[in-house]
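I opened my notebook to get to know a new structure. Here it is, so that you can follow along.

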Amino acid sequence: MADDAPTPVHLSKVLDGLAENPALPAGLVRRMVRYRGGFGHVATRADLTLDLIEEILASDHHWLLHSLALNPRLPDTARRRLAAHADPAIRAALAARARDAPRDVYERLIDDPHTQVRTYLAERDDMPADLLARLAVDPDPQVRTTLARWWTQAPETTRRLLLTDPVDEVRAAACATYYARSPHPVPPPDLVTGLLADPVTRAGAVRHAILTPQLAARLAGDPHHQVRRQLAEHPQLPPPVRDLLTDDPSANVRVGIFGRRDTPEPARHRIYEDIQQGERTLTGLLDDDLDDNALLQQVEDDMTLAELRHLQLDWVTADPLPHLSSPYICFRRSAARSRTLPADAVIRLLNDDDSGVRTTMATHATHLVDPVTAERIDRDFRPDKKTTWRPADVLTLPPQTLRRLATDPNPRMRCLAPRDVDLPVELAERLATDPESRVRRAVAGHPKLPVHTRRALLADPDAWVAHATAAAPTLPVAEMDRLLTLADV
């Protein structure tokens with residue numbers, strides 16, 4: 001070990017990364033278990049031996065035990081001991097992650113006095129059905145609400161209990177417009193009338209109703225816009241009611257009409273133009289003298305602008321060719337989802353003005369995307385919301401392109417260069433001293449980095465760069481040993 005090796009600025013973060021390093025030798029894993037800083041990430045490793053698990057259990061160190069409880073690969077004996085632990089946070093962690101545990105573990109957790117433990121169990125899809133069904137009569141409505149939202153394929157007897165629960169929040173979760181898991185449930189037909197009569201379940205019940213002209217007219221006058229939105233998307237919507245909803249005061253409802261196949265084109269265009277012209281900033285909304293309900297309505301209306309871009313219209317995807325030049329971005333994005341487009345149509349959408357259209361087309365026809373197009377689409381990628389994903393994650397960029405990108409003016413593009421495992425050493429070292437921390441983080445685990453460069457990255461002022469360096473399986477064992485020695489373990 002070199003005497004002049006720099007000491008990591010963020011040693012705790014570095015050791016967290018080391019704990020996750022898949023190449024950490026067994027002897028160093030054992031030393032890592034004795035480390036009492038950080039959050040005990042070493043206990044989540046898949047390669048823990050039985051004696052190490054026993055050592056962690058005997059330590060009674062909160063974060064080590066919490067991480068151990070989150071480990072989905074524990075032996076059943078360890079799970080039983082954690083299920084009986086005095087700390088409810090430990091039991092809750094076990095309930096959240098203990099996949100395919102033995103029945104007796106679930107039986108103990110399902111009677112846990114701590115609500116959060118039972119709530120986590122209600123999100124599971126690997127528990128015996130009869131045990132899950134017991135949660136439908138749990139004394140805490142939070143547990144029943146979670147079960148209604150997550151157990152979408154519950155037996156009819158359980159769904160009936162949840163759909164008729166005395167607590168509004170539970171019924172609303174059991175008959176909703178969105179659920180935590182697919183496929184979405186269908187309520188028993190004999191309950192639909194009652195669900196439509198209940199204000200908290202009405203919006204979720206609309207899609208399951210047999211829509212007569214009388215019922216449609218009544219729902220079109222409902223004061224809650226979500227009810228009218230569900231009505232706007234109903235396949236049996238009578239044309240007169242459809243035309244009425246075209247001028248609904250809620251932009252959210254009008255978007256539902258906009259996306260219908262049977263909406264007359266003049267009406268569709270008018271809805272689109274009205275919503276576009278009605279764009280307002282959130283700051284402007286907050287400056288208005290609106291009550292809470294009116295403000296919420298305005299915010300939701302403002303969000304429909306984004307929805308106009310994101311709508312996924314299956315009927316457009318099924319018949320994409322008429323919509324390749326649509327003035328509506330969501331129509332072109334939906335067309336780009338088709339996997340049966342001819343090559344000339346694919347090329348056309350790969351050159352669309354909208355980043356979302358280009359990206360959607362590229363990811364649905366990767367075999368037709370050449371390296372130049374792949375680079376262009378990734379370079380011009382403009383996500384609608386914050387994401388770590390990028391088109392280059394699924395598109396092929398050859399080594400020569402990646403090496404050129406190592407000196408690209410755009411740091412976002414320089415981050416791609418380390419994906420070339422044979423990147424020349426001089427380029428890897430250049431990226432390791434890049435002024436942008438995200439670039440240094442991207443190259444932190446590259447196999448061509450010299451030891452002195454890795455040591456510099458371990459001491460990087462950015463904690464996540466140091467973490468990524470320590471977590472990389474390319475880190476030499478001697479460096480792993482040095483880090484543990486610095487931590488006195």
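**Notebook: charges, rings and a helix**

I started with Lys13, whose charged end sits over the ring of Trp464, 3.5 Å from its centre. For this I looked for NZ of Lys or CZ of Arg within 6 Å of the ring centre and within 35 degrees of the ring normal.

I note that this is a predicted model, where local features need pLDDT of at least 70, side-chain atom pairs count only at pLDDT 80 or more, and totals for chains, interfaces and linings use all residues. Residues are numbered from 1 along each chain as its sequence is written, and side-chain values use heavy atoms, with hydrogens and water left out.

Next I looked up ring pairs (Phe, Tyr and the six-membered ring of Trp, centres within 6.5 Å; planes under 30 degrees apart are stacked, over 60 edge-to-face, the rest tilted). I found eight aromatic pairs. Trp315 and Phe331 make an edge-to-face one, with 5.5 Å centre to centre and 90° between the planes. Trp315 belongs to helix 22 (residues 314-318) and Phe331 to helix 23, 16 residues apart. Helices here are DSSP runs (H or I, at least four residues), numbered from the N terminus. Ring pairs also join Phe258, Tyr272, Trp315, Tyr328 and Phe331 into a cluster.

Then I asked: are Trp315 and Phe331 buried or exposed? Trp315 is buried at 18% relative accessibility, and Phe331 is buried at 3%. Buried means under 20% relative accessible area, exposed over 50%, partly exposed in between (1.4 Å probe, protein chains only).

Last, I checked helix 23 (residues 329-336): eight of its eight residues are buried, so the rest of the structure largely encloses it.

Key: Helices (H or I, at least four residues) and strands (E, at least two) are DSSP runs, numbered from the N terminus.
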